[in-house]
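The exercises below are meant to be worked through with the sequence and the coordinates open side by side. Each task is followed by a solution that goes step by step.

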Protein chains: 2
Amino acid sequence: MNQDYIKADAWSIVEEGFDKERVKSSESLFSIGNGAMGQRANFEEHYSGETFQGSYIAGVYYPDKTRVGWWKNGYPEYFAKVLNAPNWIGIDVFVNGEQLDLNTCKAVKNFKRELNMREGWYQRSFVAQMANGIELQVKTTRFLSLDLDELGVIAYEVAPVNLDCQIKFVPYLDSGITNEDSNWDDKFWNTTKLDVIGNQAFIEAHTMKTNFATCTFMEAQAAYNGNSVNSKTGTINETYASIEFEQEVAKGEKITLTKLGGYTVSRNHDKTQLVNVAKKVLKQGSDLGFEALLAKQKEAWAKIWEMSDITIAGDIKAQQGIRFNIFQLNQTYLGRDSRLNIGPKGFTGEKYGGSTYWDTEAYCLPFYMATKNQEVAWNLLEYRYNHLEKAIENAEKLGFTNGAALYPMVTMNGEECHNEWEITFEEIHRNGAISFAIFNYHRFTGDYSYIPKMGLEVLIGIARFWHQRVNFSEDKQRYVMLGVTGPNEYENNVNNNWYTNYLAKWCMDYALEQIEVVEKEYPQDYRRIQAKTKITTEETSDWAKVADQMYFPYAEKHQVFLQQDGFLDKDLVQVSELDKSERPINQKWSWDRILRSPYIKQADVLQGFYFFEDHFSQEALEKHFDFYEPFTVHESSLSPCVHSIQAAKLGRMEQAYTFYLRTSRLDLDDYNKEVEEGLHITSMAGTWMSIVEGFGGMRITDGQLSFNPQIPEQWDSYAFKINYRNQIVTISVSKTRSVFELTGDTDLKIQVNGKPVTLVPGEKIEG
Amino acid sequence: MNQDYIKADAWSIVEEGFDKERVKSSESLFSIGNGAMGQRANFEEHYSGETFQGSYIAGVYYPDKTRVGWWKNGYPEYFAKVLNAPNWIGIDVFVNGEQLDLNTCKAVKNFKRELNMREGWYQRSFVAQMANGIELQVKTTRFLSLDLDELGVIAYEVAPVNLDCQIKFVPYLDSGITNEDSNWDDKFWNTTKLDVIGNQAFIEAHTMKTNFATCTFMEAQAAYNGNSVNSKTGTINETYASIEFEQEVAKGEKITLTKLGGYTVSRNHDKTQLVNVAKKVLKQGSDLGFEALLAKQKEAWAKIWEMSDITIAGDIKAQQGIRFNIFQLNQTYLGRDSRLNIGPKGFTGEKYGGSTYWDTEAYCLPFYMATKNQEVAWNLLEYRYNHLEKAIENAEKLGFTNGAALYPMVTMNGEECHNEWEITFEEIHRNGAISFAIFNYHRFTGDYSYIPKMGLEVLIGIARFWHQRVNFSEDKQRYVMLGVTGPNEYENNVNNNWYTNYLAKWCMDYALEQIEVVEKEYPQDYRRIQAKTKITTEETSDWAKVADQMYFPYAEKHQVFLQQDGFLDKDLVQVSELDKSERPINQKWSWDRILRSPYIKQADVLQGFYFFEDHFSQEALEKHFDFYEPFTVHESSLSPCVHSIQAAKLGRMEQAYTFYLRTSRLDLDDYNKEVEEGLHITSMAGTWMSIVEGFGGMRITDGQLSFNPQIPEQWDSYAFKINYRNQIVTISVSKTRSVFELTGDTDLKIQVNGKPVTLVPGEKIEG
């Protein structure tokens with residue numbers, strides 16, 4: 001953890017001073033993205049020091065061959081992974097023939113990075129002392145356009161400080177790149193064509209196996225003293241194309257290289273038209289020019305913030321933290337394309353392979369539902385509907401039949417991308433989160449249409465899976481579920497994980513209810529679904545039987561549901577009694593010791609109490625929270641938020657705030673000393689939930705939006721907005737009061753602290 | 001399974017006809033070894049078809065870097081694996097310049113292999129039709145000397161059948177070899193020196209990292225018409241050295257190349273003297289010559305058979321099977337060197353990495369105790385004593401303290417070589433088998449001296465491990481053992497595996513008893529051990545408490561101990577009800593389904609009933625056998641033998657015989673279609689046990705040797721010998737009677753069918 005690394009600032013991420021040890025971490029933190037592509041904050045100019053080069057195109061993946069120690073039947077032979085894409089940002093700089101390289105130059109002064117979150121751009125500036133004696137002032141500004149989402153923009157300014165000199169810019173494209181995260185050192189890209197035409201260049205390359213065709217393109221212009229500098233074609237080889245600009249530059253004067261670049265991809269265009277489309281994109285970009293593009297960028301981000309900003313007064317670091325979280329979520333996923341999803345590392349790294357975990361349904365959906373238009377959440381649901389066939393295939397590989405669907409633990413294209421048996425085969429609760437998201441979408445938006453159109457088929461496939469996954473225990477005279485891994489991945493292959501059992505029962509019950517609704521109210525859809533799924537009343541009555549007779553491990557003595565069978569046999573020493581030198585246990589203990597211990601990585605039973613809050617009394621929540629939280633080590637980025645929300649609900653604001661701190665600046669302060677691998681994108685939605693659902697106490701209660709606002713002692717006030725059924729509710733909470741304001745057309749009945757309040761458009765109402 | 005592959009023969013393994021598809025399988029089946037080295041039955045001459053080249057030197061291993069999918073704390077970073085050694089057997093053959101290659105020649109006729117088990121040699125003969133029209137009769141005989149165990153011998157005879165021709169022999173050494181089983185394609189050998197001196201050649205090479213220095217050597221002589229053929233130095237490069245012999249050979253005449261070769265190793269000699277020692281070995285070998293070496297080989301094997309042969313009348317395939325098992329065990333391990341052990345694949349392949357599993361203590365020790373002099377079993381025990389420090393280190397890595405010892409799942413040098421968490425960290429019952437072997441050695445030999453000298457320290461380290469590995473369950477008010485994998489590896493990470501709990505309790509009890517004995521009867525040893533281990537009465541009384549209060553899962557309804565907590569929750573469908581198309585489940589089912597199922601890979605609860613037979617009544621054995629066997633799929637080569645012994649004990653000879661069949665010809669008939677990877681050496685000891693302990697009913701009962709002989713209906717008679725406390729007991733069993741004969745000096749009181757019988761040296765007594 002490094003609290004002084006990033007300067008406190010309400011709207012920007014700022015780093016001052018050049019530290020080679022931090023280059024990789026900053027490459028993660030200053031990453032930019034526009035939903036369609038994204039990149040780590042790699043330097044444009046050559047850098048010979050430690051760096052993790054990464055540019056990523058949404059939805060472009062590679063099926064790398066699985067490599068595991070010992071093979072188990074059912075493992076995916078290949079799995080899709082995030083793929084480093086050709087580099088379009090590169091600009092080599094030569095000063096009197098000497099190459100600019102921050103790793104080798106004599107000194108780097110006034111080094112500063114700024115990621116301006118309000119306006120959506122990234123800037124880096126420094127003075128480099130070259131070996132040849134020249135001092136060079138450099139400032140480079142970069143952004144990925146939200147409007148033209150195939151286009152990125154760089155303005156690279158160089159000014160010699162002390163001497164006249166010759167400056168050479170070599171902007172280039174490079175498809176000869178590698179992946180950090182490769183199993184067999186396979187080649188992932190095949191470059192088929194390179195072209196340099198005047199000040200533009202194009203590289204056509206396709207991914208091996210998946211055959212995504214891409215055109216990586218650029219256009220470069222250099223300007224000096226208001227005149228454009230002549231370009232010439234530079235080096236061209238099999239995977240590299242460059243353009244060169246040379247200019248004598250007087251001391252104190254500035255030369256600027258403007259580089260437009262990006263990708264066109266066969267996911268969105270005809271394969272044969274990629275270069276033509278690229279040319280059109282470049283024309284649009286250069287017609288507008290840097291300043292107009294930047295102005296549009298600011299506008300687009302202003303719109304996003306308009307809807308999703310959270311303000312916090314009296315705690316600048318908390319303010320910066322929550323904005324960083326909201327900013328990164330929006331950089332990663334804008335919800336325009338139902339083929340895309342929210343990778344755990346977004347566009348900031350490669351770890352974890354695929355792009356979609358249950359994080360999307362359990363953690364991200366609430367954020368996107370409340371801060372975007374409704375179709376964004378719809379798209380996230382549709383993503384899973386589109387993968388239903390693959391989920392059925394996946395279940396078949398494991399021996400399930402009759403259309404049972406098991407969604408993968410992590411995926412790109414619907415296929416499983418994970419290959420630890422205890423996860424792939426056993427962490428099946430992920431399946432339930434998908435049904436829950438359908439319920440949650442309907443609960444929040446009031447829009448039922450997804451269910452007859454798509455959702456019911458998903459619910460049926462998932463219910464079938466659970467129905468087949470349990471077996472009847474003669475001994476217990478109940479249905480049991482053996483060999484699972486719950487959300488607490490510090491337990492593997494356990495029997496009757498309460499959370500999974502409960503979720504399974506709920507999924508079957510919920511599917512049964514929706515079948516009834518659709519049959520009655522959408523008879524045409526029902527006929528289509530019935531014909532497709534061959535669902536029978538015999539089958540559904542079997543589900544009902546299983547759901548009714550599901551086994552739930554319970555400890556009478558403690559009056560809590562047990563995380564799994566046998567939990568009480570553990571050596572129940574609470575986390576607070578562990579020596580600090582033993583933490584985090586995932587670094588200090590052998591796996592064997594972790595598994596035997598009572599320690600919980602992230603909410604497990606409590607995840608169930610979070611999802612199904614209404615099924616349990618406040619007293620039961622308190623009992624379970626007090627039983628399980630003391631064993632919880634929170635060694636997952638997804639852990640603190642659920643606990644923060646529950647602590648707030650129990651009125652324990654000090655504890656809630658402590659949990660909040662652990663999530664909101666996880667990456668900025670590099671708590672886990674791993675930010676160089678990329679950011680924890682999905683858990684950022686949990687940070688948002690901690691404020692909105694935790695401190696703000698937002699719920700849907702009896703079909704109404706409701707709030708129970710509280711405020712941490714450390715803050716003066718905070719405010720957030722909710723897009724509730726196409727109207728905007730703004731909630732401002734101070735130490736003394738909560739004020740609600742409705743933007744929309746129609747009065748809205750809500751509840752505040754359990755009392756009915758009617759919001760009237762344009763009026764501020766105290767709750 | 002292929003029952004016609006190997007011809008039925010009482011003393012030989014015979015293959016007739018050349019089938020390219022079977023080359024790799026036969027390379028395994030016709031492997032030869034002499035305890036110090038061994039090799040697959042690779043062709044001497046070049047073969048361009050599918051082959052698995054393997055020559056292995058006992059005790060020479062390589063610490064390959066572990067590669068797993070996802071790392072867990074505590075995994076061994078490196079693990080030692082069986083290492084393919086430089087090739088000394090190669091003899092390239094050219095006929096009028098055309099290279100002999102069975103993969104490409106026009107036809108191969110009269111191809112035959114014979115492995116003569118009685119005499120310990122391997123022969124291959126064939127007629128090759130060359131592309132150039134020449135028909136070549138080839139016969140090659142090879143053996144690895146038991147007397148001079150650094151020396152191997154080849155006589156390679158060639159005779160043109162139809163035309164005179166020029167024959168060129170190119171015998172060579174080659175250290176440019178690879179491992180089939182390499183994680184990172186590392187280079188394992190570094191060749192430092194090559195030398196060709198006349199008709200001898202030497203390659204000095206050492207293994208990377210472990211730095212075992214070796215000299216691979218050869219001497220070649222060719223003879224034609226009673227004259228020796230001149231040799232000249234052939235090709236020499238960095239890792240290859242050859243000698244060449246050219247001779248015009250008349251049709252019908254024979255030219256013979258005699259090649260001596262082998263290894264001298266720094267394990268046994270000074271590094272600087274390896275070539276000198278090799279020269280001495282070659283001199284001894286060439287002074288004797290091929291015929292005398294072969295005669296000595298026959299003598300040496302005759303001595304082995306004298307002691308260990310089992311004869312079966314009336315079932316030629318059973319006869320061949322049991323001899324193959326005994327032969328391979330002797331090829332693998334002769335017990336001369338306490339630094340060596342019995343690898344699961346012996347010298348026949350590389351699978352499974354290291355050389356020592358719990359197979360040694362649980363399955364192989366009884367064979368070696370009963371068929372060899374006592375020091376062989378002592379050496380097997382001493383091997384573990386020598387690894388005690390490493391076992392303590394291994395436990396420390398997992399967080400254990402105070403001298404607790406965890407022996408590795410598989411090892412070469414005492415370090416763990418396995419890296420599945422569910423095995424490495426959890427299949428800890430292996431530890432108990434080591435204590436049991438100490439008990440078993442004393443029980444069988446009557447020799448207590450190992451315990452005060454070495455064994456007690458091992459027993460203490462193991463007892464300490466168990467004592468720390470359990471925890472007290474407040475819920476059960478008993479000590480429980482969480483997160484283990486039993487012998488049935490189709491269950492992982494279970495709680496309270498009965499076998500492991502029972503073994504742990506026994507280990508503590510047994511260690512406590514031996515501490516008392518040693519303290520009383522070997523006070524000097526006790527003081528040394530006490531000073532070294534710092535054992536206190538406080539500690540031992542803690543063990544006693546844990547042992548007394550150990551938890552054993554029990555099912556009142558079935559009156560059986562449960563394999564583990566929750567076993568009765570499974571869907572208890574017996575194996576007989578499974579469709580044949582679903583077998584073997586380890587090939588047909590996903591791992592997930594296997595884990596949830598009740599199916600048992602090999603004896604688990606019943607392994608405990610095997611080890612601790614005397615602790616349970618015949619009635620209890622029957623109940624447990626009838627409960628568990630129907631769920632057992634026997635998908636481990638170690639499974640049928642224990643069940644065969646128990647079925648015999650229960651008087652179910654038909655079932656016992658069925659189990660016996662599954663183990664005795666497992667490799668010869670290639671039941672599992674994997675013999676090409678190597679033989680199942682350790683399970684061969686189980687085959688021996690099936691006859692001796694199963695059919696013969698051999699036990700030590702109340703400190704006396706005892707028998708309960710039975711005979712399978714399919715056999716006319718059988719006979720075996722037991723080296724019991726330095727006297728030989730021969731047992732011959734027919735359908736009508738059992739005859740016992742003692743070779744030794746002293747009368748021996750034994751029990752036969754529960755009745756006392758006194759054997760008198762030299763007399764045949766009917767039991």
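Two strands pair if DSSP finds at least two bridges between them. The model used here is a predicted one.

**Exercise 1.** Determine in which sense strands S1 and S8 of chain A pair, and then follow S8(A) to strand S9 of chain A.

Solution. Begin with S1(A), residues 12-16, and S8(A), residues 107-116, which pair in the antiparallel sense over five bridges. Within this pairing, A:Glu16 has A:Lys112 of S8(A) as its bridge partner. Next, turn to S9(A), residues 121-129, which runs antiparallel to S8(A) and is joined to it by eight bridges, and where A:Tyr122 is the bridge partner of A:Leu115. Finally, S8(A) and S9(A) form a hairpin with four residues between them, and A:Gly120 in the turn has a positive phi of about 80°.

**Exercise 2.** Classify the relative orientation of helices H17 and H19 of chain B, and describe the residues of their contact.

Solution. The axes of H17(B), residues 639-649, and H19(B), residues 681-695, come within 8 Å and cross at roughly 10°. Angles under 35 degrees count as roughly parallel, and the two helices are therefore roughly parallel to each other. The contact residues, among them B:Ile645 in H17(B) and B:Met689 in H19(B), divide into five nonpolar, five polar and one charged.

**Exercise 3.** Is B:Lys81 buried or exposed?

Solution. B:Lys81 is found in strand S5 of chain B, residues 78-84. Because buried means under 20% relative accessible area, B:Lys81, at 1% relative accessibility, counts as buried. Its side chain makes a polar contact with the side chain of B:Asp64, at 3.1 Å.

Definitions and conventions
Residues numbered from 1 in each chain as written. Chains lettered and ligands numbered in written order. Predicted model: local features only at pLDDT ≥ 70, side-chain atom pairs only at ≥ 80, totals over all residues. Heavy atoms only, no water. Buried < 20%, exposed > 50% of the residue type's maximum accessible area, 1.4 Å probe, protein only. Polar contact = N/O pair within 3.5 Å; in protein donor to acceptor, adjacent residues only side chain to side chain. Axes fitted to C-alpha atoms, helices over the stretch in contact; angles between N-to-C directions. Parallel < 35°, antiparallel > 145°, perpendicular 65-115°, else oblique. Contact = heavy atoms within 4.5 Å. Nonpolar A, V, L, I, M, F, W, Y, C, P; charged D, E, K, R; others polar.
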